[in-house]
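Have a look at the picture first.

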Amino acid sequence: MNTRGKPAQVVREPSTQPAAGWRGVAAEQTTDLPPKVGLLLRARSRRLLGGLLRPQRRAIWVAVAVVLMQNAASLAGPFLVSVGIDRGIPALRHGHAWPLVWVVVAIAGAAGIDALLRYAFLVRVGQIGQQMLLELRRRVFGHFQQLSLAFHERYTSGRVISRLTSDLDSLQDLLDAGLDGLITALLSVLTIGVLLIWLDPPLAAVAMLSFPLLLWLSRWFRRHSAVAYRQTREAVAQVIVQVVETLGGIRAVQAFRREPRNNEIFSELNTDYRQANARAQRLIAVFVPGVKLLGSVTTAAVLVYGAYRVMDGAIEVGVLAAFLLYLVRFFDPMQDIAMFYNSYQSAVAALEKLSGVLEEESSVSEPADPVRLPAPRGEVRCERVVFSYLDGTVVLPELDLHIPAGQTLALVGATGAGKSTLARLLARFYDPQSGTLLMDGVDLRKLSDADLRRVVIMVTQENFLFSGTVTDNIAFGRPEASREQVEGAARAIGAHGFISGLPEGYDTEVHKRGGRLSAGQRQLVAFARAFLADPAVLILDEATSSLDVPSERLVQRALRTILADRTAIIIAHRLSTVEIADRVLVMAGGRIVEDGTPEALVASAGQFADLHQAWRDSLV
Ligand code: ADP
């Protein structure tokens with residue numbers, strides 16, 4: 001039996017009924033409802049599929065031609081058997097062996113051609129499918145990267161992972177095992193149906209008596225398996241969510257000793273998944289033998305009736321033999337077609353979700369006709385900038401700000417004051433609802449992505465290190481940089497010393513043993529990365545985690561180097577940083593409440609003076 005398209009094997013995505021508590025919340029955030037799909041594709045899925053198929057047009061025509069020839073070769077077998085029985089054997093009785101020999105040679109030849117063409121077809125279809133998947137993966141990954149932060153906040157990483165794994169897998173399943181099977185099955189069923197009628201209409205009528213039952217059985221299976229299948233998809237999506245969230249928050253999980261409860265939740269989900277799979281398997285266990293049984297009963301009925309017709313001289317024995325052989329081949333693909341339904345549905349749902357993502361436009365899209373900024377100076381201006389996040393709460397009510405080129409500006413203020421939000425707007429991770437942000441007098445929205453990323457760089461607290469060597473990580477923003485340039489940046493920042501001390505120096509893999517960097521070292525690598533990229537405007541979310549004294553000193557020195565000769569905006573958490581700033585902005589409730597040099601603000605006895613005093617006291 002063909003096991004392809006087993007409901008239990010193909011992963012998918014859930015229609016989540018948000019349950020109470022943690023599970024419900026997590027599932028709601030991380031998964032999304034599968035679109036209701038029927039057999040037909042929606043317009044956007046059709047567009048996507050059309051775009052993927054177009055480059056493969058020639059290969060597809062070749063595959064179609066090959067499969068048609070293969071089908072003919074495969075169907076020649078039973079017919080040749082009937083010729084052998086009805087012509088070859090009587091001739092043998094009269095002493096002529098050649099007719100039978102010819103038939104045998106023809107059968108062997110047809111079988112050989114069948115095998116060769118089947119091989120050619122499978123290889124072709126495999127290539128077409130893989131080529132399409134490759135392109136689709138490339139497009140989806142590229143698109144996810146390019147979509148704005150606003151999208152990624154809405155579309156959690158669990159869902160991104162789901163798109164890139166289980167949805168693409170559903171399509172892969174369909175292409176790998178299902179589609180070629182379906183094409184050959186459909187072709188066989190159609191051509192065999194015609195052949196049966198051509199061979200002997202009365203016998204075909206008897207065979208067709210089983211059809212209503214066969215249809216009923218297929219519909220029963222389809223209906224029930226669609227439900228079971230949906231349950232397995234739901235269950236597996238919940239499992240993915242649980243794993244992604246647990247690993248994403250592994251520190252919190254361990255800090256709060258959440259492991260036992262997580263294990264409980266995980267085993268519940270795991271049990272759900274197992275049960276859903278078991279249900280789907282039980283359906284298969286009924287359906288497959290059911291079809292087989294029906295096939296055998298029909299074969300027996302045809303044999304009985306056929307025997308009468310042979311006795312009556314209405315047909316020859318060979319025709320009956322061919323008929324029976326065709327009949328067996330008729331029932332086998334029936335199973336495939338019914339089972340294929342689930343893979344197909346899941347693939348259609350996956351395609352629908354992927355096309356939805358691909359049609360999602362970045363909310364910070366690149367202008368069609370960007371203004372060039374060949375020699376950026378780094379003068380920043382905000383004019384009446386109003387901004388709120390997706391939830392609609394206004395974070396920046398109306399902000400006006402001018403930062404002359406080369407200035408070092410420290411942003412201070414309580415948590416939630418809007419400092420990071422302002423920084424993100426300056427790096428154009430978001431666009432304001434109204435007002436303008438200007439870089440050297442040019443609206444940020446008018447700059448090309450390439451210019452924007454060259455001009456403004458934001459170094460966040462995460463100091464994210466990617467898999468790869470220290471060199472790779474420093475050259476992150478300028479992959480074409482030479483080794484000398486990378487080392488130069490590291491020296492300037494004061495990171496050369498510790499990097500040279502690593503087991504393999506600059507070639508140490510940062511995520512491997514021995515390559516683990518301390519918080520201070522990670523910060524230095526992040527600085528070296530920014531220094532090498534050499535932006536006109538550097539935005540720095542200073543790390544809040546306290547460094548040990550030598551690291552702190554190193555970082556402070558690095559900071560001075562990296563701030564020189566460029567505009568810098570620092571979300572300052574340390575007094576020492578504020579002291580090297582030319583200017584301090586105090587923010588509260590999304591507004592600038594104080595603005596001046598550190599000395600002037602201390603003297604003015606406002607909020608900053610209080611903060612300054614508190615900092616000083618904490619140092620004592
Ligand atoms: P700060 O950096 O000064 O601590 P933020 O700019 O991070 O302040 O936050 C300002 C306000 O915007 C806060 O009320 C915060 O809850 C809200 N906020 C920040 N980031 C987001 C976000 N991604 N989505 C929705 N609201 C946000």
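Predicted model: local features only at pLDDT ≥ 70, side-chain atom pairs only at ≥ 80, totals over all residues.

## The surface and the strands

Residues are numbered from 1 along each chain as its sequence is written, and side-chain values use heavy atoms, with hydrogens and water left out.

What about the overall shape? The C-alpha atoms fill a box of roughly 120 × 50 × 50 Å, taken along the principal axes. Of the 620 residues, 49% count as buried, meaning under 20% relative accessible area with a 1.4 Å probe, protein chains only. Contacts (heavy atoms within 4.5 Å) tell another part of the story: among those with a separation of 6 or more, 77% link residues 24 or more positions apart.

Now for the secondary structure: the chain has 21 helices and ten strands. Both are DSSP runs numbered from the N terminus, with at least four residues (H or I) for a helix and at least two (E) for a strand. Two strands pair if DSSP finds at least two bridges between them. Here are some of the pairs:

| Strands | Direction | Bridges |
|---|---|---|
| Strand 1 (residues 380-388) and strand 4 (residues 434-439) | antiparallel | five |
| Strand 4 and strand 5 (residues 442-443) | antiparallel | two |
| Strand 3 (residues 408-413) and strand 9 | parallel | five |
| Strand 9 and strand 10 (residues 591-596) | antiparallel | five |

Let's start with strand 4. Its Met439 is the bridge partner of Val380, and Met439 also stands opposite Val442 in strand 5. The hairpin of strand 4 and strand 5 has two residues between the strands, and Asp440 takes a positive phi near 50 degrees there.

Is strand 9 mostly covered or mostly open? Strand 9 (residues 583-588) is mostly covered, with five of its six residues buried. Its Val584 is the bridge partner of Ala410, while Leu585 stands opposite Asp595 in strand 10. In a regular strand, side chains alternate between the two faces of the sheet. The hairpin of strand 9 and strand 10 also has two residues between the strands, and there Gly589 takes a positive phi near 55 degrees.

Conventions. Buried < 20%, exposed > 50% of the residue type's maximum accessible area, 1.4 Å probe, protein only.
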